[in-house]
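Biologist: I am new to this structure. Could you show it to me and take my questions one at a time?

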Amino acid sequence: MDSDSADRLAVAIKETLAIRDGLILSILAPEPGLDADRLLDLCVRPNDASNVTALCSILDAVFKDPATRPDEPRCRAGLAMLEAIADKVPPGFRSQPLAVAAYVDWWSGGSRASGLAEEALDDDRSCSLAAIVLALIGRGIDPAWRQSG
């Protein structure tokens with residue numbers, strides 16, 4: 001990803017949380033029906049009733065369904081992309097890519113989620129996703145697939 005694209009995505013996910021959530025879904029969601037057009041619609045029309053329902057359903061499955069497991073190559077690629085973005089953008093724009101990376105790392109069973117979340121909070125103390133990741137880790141909360149073994 002070139003610097004211009006990294007900058008644009010970092011600004012987009014900082015300014016519009018629906019785009020950030022779409023990025024999370026693109027990495028974690030196992031939905032075969034979540035193609036580029038559907039994902040774009042979720043990001044562009046986040047308050048549409050059918051999109052709210054779909055987003056909640058997908059995220060609920062990612063968190064609560066023990067059969068929903070990480071696509072390891074996709075998670076690794078997503079983490080690499082997010083870290084590359086965070087490395088290329090100026091301070092003040094690193095928090096969201098790092099917070100999404102922390103969430104992906106936590107969800108996929110990685111060991112770097114705390115460090116990534118702390119880096120996100122160092123960049124922006126109000127980054128709620130980073131705080132959520134640290135709270136999940138601190139309380140020993142895991143997604144269902146990790147609880148089931």
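Biologist: In which helix is serine 26 found?

Modeller: This is a predicted model, in which local features need pLDDT of at least 70 and side-chain atom pairs count only at pLDDT 80 or more, while totals for chains, interfaces and linings use all residues. Residues are numbered from 1 along each chain as its sequence is written, and side-chain values use heavy atoms, with hydrogens and water left out. Helices (H or I, at least four residues) and strands (E, at least two) are DSSP runs numbered from the N terminus. On that basis, serine 26 belongs to helix H2.

Biologist: Is serine 26 buried, partly exposed or exposed?

Modeller: Buried means under 20% relative accessible area, exposed means over 50%, and partly exposed lies in between (1.4 Å probe, protein chains only). Serine 26 has a relative accessible area of 28%, so the residue is partly exposed.

Biologist: Which residues is serine 26 in contact with, leaving aside its neighbours within four places in sequence?

Modeller: Contact means heavy atoms within 4.5 Å. With the neighbours within four places in sequence left aside, serine 26 is in contact with Leu39 and Arg74.

Biologist: At what angle do helix H2 and H4 pack, and which word describes H2 relative to H4?

Modeller: Axes are lines fitted to C-alpha atoms, for helices over the stretch in contact, and angles run from 0 to 180 degrees between N-to-C directions. Helix H2 (residues 17–28) and H4 have axes 11 Å apart and pack at an angle of about 50 degrees. Angles under 35 degrees count as roughly parallel, over 145 as roughly antiparallel, 65 to 115 as roughly perpendicular and the rest as oblique. The angle therefore makes H2 oblique to H4.

Biologist: How many charged residues does the contact of H2 with H4 have?

Modeller: The contact is made by Asp21, Leu25 and Leu28 of H2 and by Leu55, Ile58, Leu59 and Val62 of H4. Ala, Val, Leu, Ile, Met, Phe, Trp, Tyr, Cys and Pro count as nonpolar, Asp, Glu, Lys and Arg as charged, and the others, Gly among them, as polar. By class, the contact of H2 with H4 has 6 nonpolar residues, no polar ones and, as for charged residues, 1.

Biologist: Which residues does leucine 82 touch, not counting residues up to four places away in sequence?

Modeller: Leucine 82 is found in helix H5. Its relative accessible area is 0%, so leucine 82 is buried. Not counting residues up to four places away in sequence, leucine 82 touches Leu23, Ile27, Pro97, Val100 and Ala101.

Biologist: Which residues make the contact of H6 with H8, and how many of them are nonpolar?

Modeller: From H6 come Ala99, Val100, Ala102, Tyr103 and Trp106, and from H8 come Leu129, Ala130, Val133, Leu136 and Ile137. By class, the contact of H6 with H8 has no polar and no charged residues, and the nonpolar ones number 10.

Biologist: How is the pair of phenylalanine 63 and tryptophan 106 classed?

Modeller: Rings of Phe, Tyr and Trp (its six-membered ring) pair if their centres lie within 6.5 Å; planes under 30 degrees apart count as stacked, over 60 as edge-to-face and the rest as tilted. A search of the whole structure finds 3 aromatic pairs. The rings of phenylalanine 63 and tryptophan 106 have centres 5.9 Å apart and planes at 25 degrees, so the pair is stacked.

Biologist: How many residues apart in sequence are the parts that this pair ties together?

Modeller: Phenylalanine 63 lies in helix H4 (residues 49–64) and tryptophan 106 in helix H6, so the parts tied together are apart in sequence by 43 residues.

Biologist: Which residues form one aromatic cluster?

Modeller: The rings of tyrosine 103 and tryptophan 106 have centres 5.4 Å apart and planes at 40 degrees, so this pair is tilted. Both tyrosine 103 and tryptophan 106 are buried, whereas phenylalanine 63 is partly exposed at 26% relative accessible area. The one aromatic cluster is formed by Phe63, Tyr103 and Trp106.

Biologist: Is alanine 113 buried or exposed?

Modeller: Alanine 113 is found in helix H7 (residues 113–123). Leaving aside neighbours within four places in sequence, alanine 113 is in contact with Ala102, Asp105, Trp106, Val133 and Ile137. At 5% relative accessibility, alanine 113 counts as buried.
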